[in-house]
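Good morning, and thank you for joining this group meeting.

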Amino acid sequence: MPTAVQDPPVTEQTGGAAPRPASRTLRYLTLAVTALMLLAVGWTAATLAAGRTPGEESAEAGFARDMSRHHAQAVEMAMIAYAKGQDPAIRQMGYDMALTQQAQIGHMQRWLQEWDLLPTGTRPAMEWMPDGVRVDANGLMPGMATREQITQLHEAQGAEVDRLFMDLIIKHHLGGIHMVDGLLKTSDRAEVVRMAEAMKQAQQKEINELRKLQEAAG
């Protein structure tokens, strides 16, 4: 009789405990799925916030490529001014300009690498611009000097270096600002917009300083 009395509780305990492992597993699975869903939502939000990577036909890619080439000519002229300019202010400006624009070229080339794009594209220069001036008959972008003008600057001496540099770089900067304005009309990519705005601010400041130097030189 004692055995008959004791057996049912054992059966009840065994029967009551059986669902627990399944219930615990279901609870863990639910938590895991919820966590994955939250991670997915976070990843999607971060992706949308960062924006899609610029592609081959994007204004950002066109700007990075064309402005790199535009800057390269400014660096060449600035180094001539630094090496041969007569006015100390011109030499200092040439030095600062060369460093700044060379660093910006490095940033733009890094963007293209991060976007898995080549330094040069298949589209003609300036096709990314929403409107405005395109390349000229020589294939030069706005403000760029011809090779004959660059040769003339290389061969100039003394005060003529200063005069030629000021004339050429003011036109060059105005062309660069025009390109920046075109980019700002079409792009909302944060790092590109930040640098474009910094370029515009710096080049406008240099234009103002150069015009003052021109006035002082008569």
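I begin with Arg-163, which is partly exposed, its relative accessible area being 40%. Please bear in mind that the model is a predicted one. Arg-163 forms a salt bridge with Glu-160, with 2.5 Å between the closest N and O atoms. These two residues are three apart in helix 6, about one turn of the helix. Glu-160 is partly exposed as well, at 31% relative accessibility. Arg-163 also meets the side chain of Asp-167 in a salt bridge, at 3.3 Å from N to O. Here the separation is four residues within helix 6, again about one helical turn. Asp-167 counts as partly exposed, at 28%.

Another salt bridge joins Lys-185 to Asp-131, with the closest N and O atoms 3.4 Å apart. This pair links distant parts of the chain, 54 residues apart: Lys-185 belongs to helix 6, and Asp-131 to the loop between helix 4 and helix 5. Lys-185 is exposed, at 56%, whereas Asp-131 is partly exposed, at 37%. In total, the model has 10 salt bridges.

Which charged residue is buried yet has no salt bridge? Glu-206, in helix 7, is such a case, with the nearest side chain of opposite charge, Lys-205, 8.2 Å away. Among the contacts of Glu-206 are Met-93, Met-97 and His-173.

Finally, the largest pocket holds about 260 Å³ of space. It is lined by 16 residues, and those closest to its centre include Arg-65, Asp-66 and Arg-123. Helix 3 supplies the largest share of the lining, five residues.

Definitions and conventions
Residues are numbered from 1 along each chain as its sequence is written. This is a predicted model: local features need pLDDT of at least 70, side-chain atom pairs count only at pLDDT 80 or more; totals for chains, interfaces and linings use all residues. Side-chain values use heavy atoms; hydrogens and water are left out. On a 1 Å grid over the protein atoms alone, a cavity is a set of points where a 1.4 Å probe fits but cannot get out, and a pocket is an open set with protein on both sides within 12 Å along at least five of seven lines; lining residues have an atom within 4 Å of a point. Grid points are joined across faces, edges and corners, and a volume is the space filled by probe spheres set on the points. Buried means under 20% relative accessible area, exposed over 50%, partly exposed in between (1.4 Å probe, protein chains only). Lys and Arg count as positive and Asp and Glu as negative; His and the chain ends are not counted. A salt bridge is a side-chain nitrogen of Lys or Arg within 4 Å of a carboxyl oxygen of Asp or Glu. Contact means heavy atoms within 4.5 Å. Lists of a residue's contacts leave out its neighbours within four places in sequence.
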